[in-house]
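Visitor: I am new to protein models and would like to learn how to read one. Could you walk me through some features?

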Amino acid sequence: MFETFAKGLSDLFLKSGFVAFFQDEGWKNVIMIAIACILMYLAIVKQYEPLLLLPIAFGMLLVNIPLGGVMDYPKMVLEPLSAMPHDGTHFQTVALAGADGSVYEFFINTNSQQYANGGLLYYLYQGVKLGIYPPLIFLGIGCMTDFGPLIANPKSFLLGAAAQIGIFITFVGAILLGFTSKEAASIGIIGGADGPTAIYTTGKLAPHLLGPIAVAAYSYMALVPVIQPPIMKLLTTKKERAVVMEQLRPVSRTEKIVFPVIVTLVVCLLVPSATPLVGMLMLGNLFKESGVVDRLVKTAQNELMNIITIFLGTTVGATASAERFLTAQTLGIIFLGLAAFCVGTATGVLFGKLMYVVTKGKVNPLIGSAGVSAVPMAARVSQKVGAKENPTNFLLMHAMGPNVAGVIGSGVAAGVLISLFQ
């Protein structure tokens, strides 16, 4: 009995994930688990985008546990037959080539088809693969967004558009480095600093790159307060950073209600591929501004947003398996993603400088950096950098204009890229 018990323990250990760490390339799983732990540290201790970085990190941890099977595909199990049946059984033939070049035929009983279930996260991941989760995230964002500053200062649209230039410059750079057009488009969209848009675009064009692109996109979004200020200070003078802008005009309720309808019609007719993202964003905003569907607004802002965030973050993290993530290609994606984000910030600031000249000093160029769509963090960074030069300066509401314009702009950019390369 003792021997049986000992053999059982031995078999259990040999089938455990611990043993798998020492087999084949198990060391890669160890590295990925370490990376996942670092991301969890950044989310919990440093509070870098914890709502998404934490589930992404844990999804990465789960998928890299050997034999865990959380992302296993469902498999068809068929009963082979030794000869052609003559009893009315439904069958199909499967031809396989042998090592000597000979072809062998097998008869498969199609009546006995069964499926071995896939992993939990495989099924939840279908919401990413089918493009369901990102538009629902946009619905929640729309319910939480005030487009008033953008409506009050329509010129902010230009700053939001300018910040998207980084997407297309990086796209060209990725092509030159040997990425395919679909991969380059997915990498370039990181420059929009919009996680759901990056995930949606990559899911359509290059799903095999979803893990590294998602991690890069959310990491750079979390590092907005670290990455942007040096670029902003490098490209502006002390005098420009100290500019005090005029107070924005009040925006009527009617304007706020009409705005999402007009944007939906114009943008979606111009770029139909952007309809899922921009349409859901504007639907959420219409819910908010209409004032007649408070229950829907609360659900989209809270319960729905939280549920989708958990599913999206965890399953996207689960695509970062060791064999996909630990490659030279991933390092290239992370580098290009950083370049895209920096170029987007720079082009936004430079266009702000142009507006500063055209308006004879009435526009503070710092608000151009908020054209990337990291809402509202990028706008807060504009406020913080401006306040250091002039403590009486309040740029937050002015920066929110290009910031929310950047959300629309990144959705349009994604639609353009999908239209061109899908």
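Predicted model: local features only at pLDDT ≥ 70, side-chain atom pairs only at ≥ 80, totals over all residues.

Visitor: Which helix gives the most to the lining of the largest pocket?

Guide: That is α17, with five residues. Several helices supply at least two residues each, among them α4 (50–63), α6 (133–144), α17 (294–317) and α21 (396–421).

Visitor: How do the residues of that lining divide into nonpolar, polar and charged?

Guide: In the lining of the largest pocket, 16 residues are nonpolar, six are polar and four are charged.

Visitor: And what about the second largest pocket? Which residues are the closest to its centre?

Guide: The second largest pocket has about 590 Å³ of space. Val 63, Met 71, Asp 72, Ser 321 and Glu 323 are the closest to its centre, out of 25 lining residues. Two or more lining residues come from each of α4, α5 (120–129) and α18 (322–325), and α5 has the largest share with four. By class, this lining counts 13 nonpolar, eight polar and four charged residues.

Visitor: Now the surface. Which residues form a nonpolar patch there?

Guide: Look for Val 258, Val 261, Ile 262, Leu 265, Val 266 and Leu 269, which together have about 550 Å² of accessible area. One of them, Ile 262, sits in helix α15 (residues 253–270).

Visitor: Is Ile 262 buried, partly exposed or exposed, and why?

Guide: Buried means under 20% relative accessible area and exposed means over 50%, with partly exposed in between. Ile 262 has a relative accessible area of 47%, so this residue is partly exposed.

Visitor: Let me try another. Is Leu 205 buried or exposed?

Guide: Leu 205, found in helix α11, counts as buried because its relative accessibility is 6%.

Visitor: On to charges. How many salt bridges are there?

Guide: First the general idea: side chains of opposite charge can pair when their charged atoms come close. The count in this model comes to six salt bridges. In one of them, Asp 146 pairs with Lys 256, and the closest N and O atoms are 3.3 Å apart. This pair links distant parts of the chain, since Asp 146 is in the loop between α6 and α7 (148–152) and Lys 256 is in helix α15, 110 residues apart. Asp 146 is partly exposed at 30% relative accessible area, whereas Lys 256 is buried at 18%.

Visitor: Which side chain meets Lys 238 in a salt bridge?

Guide: Glu 389 does, at 2.7 Å from N to O. Here too distant parts of the chain are linked: Lys 238 lies in helix α14 (residues 238–241) and Glu 389 in helix α20, 151 residues apart. Lys 238 counts as exposed at 54% relative accessibility, while Glu 389 is partly exposed at 22%.

Visitor: What about Glu 255?

Guide: Glu 255 meets Arg 249 in a salt bridge of 2.9 Å, N to O. Both partners are partly exposed, with Glu 255 at 27% relative accessible area and Arg 249 at 39%. Finally, salt bridges that share partners join Lys 238, Arg 241 and Glu 389 into one network.

Definitions and conventions: Residues numbered from 1 in each chain as written. Heavy atoms only, no water. Nonpolar A, V, L, I, M, F, W, Y, C, P; charged D, E, K, R; others polar. 1 Å grid on protein atoms, 1.4 Å probe; cavity = no way out; pocket = protein on both sides within 12 Å on 5 of 7 lines; lining within 4 Å. Points joined across faces, edges and corners; volume = space filled by probe spheres on them. Patch = residues over 30% accessible without salt bridge, like charges linked within 9 Å, V, L, I, M, F, W, Y side chains within 5 Å. Areas by Shrake-Rupley, 256 points an atom, 1.4 Å probe, with all protein chains shown as cover. Salt bridge = Lys/Arg side-chain N within 4 Å of Asp/Glu carboxyl O. Buried < 20%, exposed > 50% of the residue type's maximum accessible area, 1.4 Å probe, protein only.
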